[in-house]
Amino acid sequence: MIIAPHNQRGGVGKTTTSVHIAHAAALYGKRVLLVDSDPQGSLRNILKIQHDSTLHDLLDNGFKLEEVIVKGVRTGPEKGTLDVIISDKALTETETKLIQSGNRAETVGKLREALAPVKDMHYDLILIDSPPGLSPILQSVYHTVDSLLVPIAMDYMSFVGSHQVIESLSLLKQDYDIRATIAGILPVAVDHRLAVTDSTLTSIKNKYEKYYPIFPPIRIDATIAKSGMRGQTLYDRLALPVERLTPDHRAAWDYYQVMKLLIEGQHSPGILKQPDA
């Protein structure tokens, strides 16, 4: 299962969502690969990864997949592990070459072809952290994934960005063999103290409830930023076995519930409830 959290607006928590669902899945005992396809390269800093080879090397410099995967960045019970492919600003060189080539079919298929050997590595879940907008790399992400998870922060432009994801996917499907679906809508940074939150959640329900799963919301949590500055996830910061997580742990609990719904393959339209703890 290959999933990319994506909203065409920046700053809506795509990377935060990717990191925490990936780490949660590893703690759940799953083998997870997290791929950074954003030239900003945020995963390197958030997870404190020191590694020389990047996604750019895989796509442009002839590196093998095994050479760019950083193994065991985080571990969990049983076979649970989080491996990562990092990125950096060199990925913009890849994007420039793809634009200059003028071969859109090559552009769209680039990442999928490079990640093809991953099928033999027996990962339970592959997450791709995506850049905002609709760059050549992002189009290639759309061609690679099985589904897109659409995070929506509690503001109007984030809601607009979610429309753009669905429209762009539909347009690309008209021209290419893209099989990706929408895994669902994920409200993030939810703060019920603010009036805009309730209005945004109502808009999400009215727009998407009949067509896509709407996942339980991720509550606003100040410890996300604090953890990221220290090179930690929320689960690193808490240092608790996942069976001891409670709703009081806010976003750590919320992301863990969303991860379980994704792993269990919930795809029915409508508002999803949290799974049994």
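# Briefing on cores, helix packing and selected residues

Ser147 has its place in strand E6 (residues 147–152); strands (E, at least two residues) and helices (H or I, at least four) are DSSP runs, numbered from the N terminus. The model is predicted, so local features need pLDDT of at least 70 and side-chain atom pairs count only at pLDDT 80 or more, while totals for chains, interfaces and linings use all residues. Residues are numbered from 1 along each chain as its sequence is written, and side-chain values use heavy atoms, with hydrogens and water left out.

**Ser147**
- Ser147 counts as buried because its relative accessibility is 5%; buried means under 20% relative accessible area, exposed over 50%, and partly exposed in between (1.4 Å probe, protein chains only).
- Not counting residues up to four places away in sequence, Ser147 touches Ile2, Ile3, Ala4, Ala180, Thr181 and Ala183, where contact means heavy atoms within 4.5 Å.

**Nonpolar cores**
- In soluble globular proteins, nonpolar side chains tend to be buried together.
- A nonpolar core is a set of buried Ala, Val, Leu, Ile, Met, Phe, Trp, Tyr and Cys residues joined through side-chain atoms within 4.5 Å.
- The largest such core has 46 residues, and Leu65, Ile85, Ile128 and Tyr208 have the most contacts inside it.
- Helix H8 (residues 156–175) gives the most to this core, with five residues.
- A second, separate core has 43 residues, including Ala22, Ile218, Val242 and Tyr255.
- Leaving aside neighbours within four places in sequence, Ile128 is in contact with Ile2, Ile3, Ala4, Pro5, Ser18, Val35, Ser37, Leu111, Leu115, Val141, Thr144 and Val145.

**Packing of H1 and H12**
- Helix H1 (residues 14–27) and helix H12 (residues 251–263) have axes that come within 9 Å and cross at roughly 70°. Axes are lines fitted to C-alpha atoms, for helices over the stretch in contact, and angles run from 0 to 180 degrees between N-to-C directions.
- H1 and H12 are therefore roughly perpendicular to each other (65 to 115 degrees; under 35 counts as roughly parallel, over 145 as roughly antiparallel and the rest as oblique).
- H1 makes the contact through Thr16, Thr17, His20, Ile21, Ala24 and Ala25, and H12 through Tyr255, Tyr256, Val258, Met259 and Leu262.
- By class, eight residues in the contact of H1 with H12 are nonpolar, three are polar and none is charged. Ala, Val, Leu, Ile, Met, Phe, Trp, Tyr, Cys and Pro count as nonpolar, Asp, Glu, Lys and Arg as charged, and the others, Gly among them, as polar.

**The buried side of H5**
- Leu91, Thr94, Glu95 and Leu98 are buried in helix H5 (residues 91–101).
- These residues are on the same side of H5 because they cover an arc of only 100° around the axis, taken from the directions from the helix axis to the C-beta atoms.

**Partly exposed helix residues**
- Asp60 lies in helix H3 (residues 55–60) and counts as partly exposed at 22% relative accessibility.
- Asp60 touches Glu93, Thr94, Lys97 and Lys110, not counting residues up to four places away in sequence.
- Glu167, in helix H8, counts as partly exposed at 49% relative accessibility.

**Positive phi outside glycine**
- His122 is not a glycine, yet has a positive phi of about 60°.
- His122 is in the loop between helix H6 (104–115) and strand E5 (125–129), and counts as exposed at 62% relative accessibility.
- Arg250 has a positive phi near 50° and is found in the loop between helix H11 (234–238) and H12.
- At 32% relative accessibility, Arg250 counts as partly exposed.
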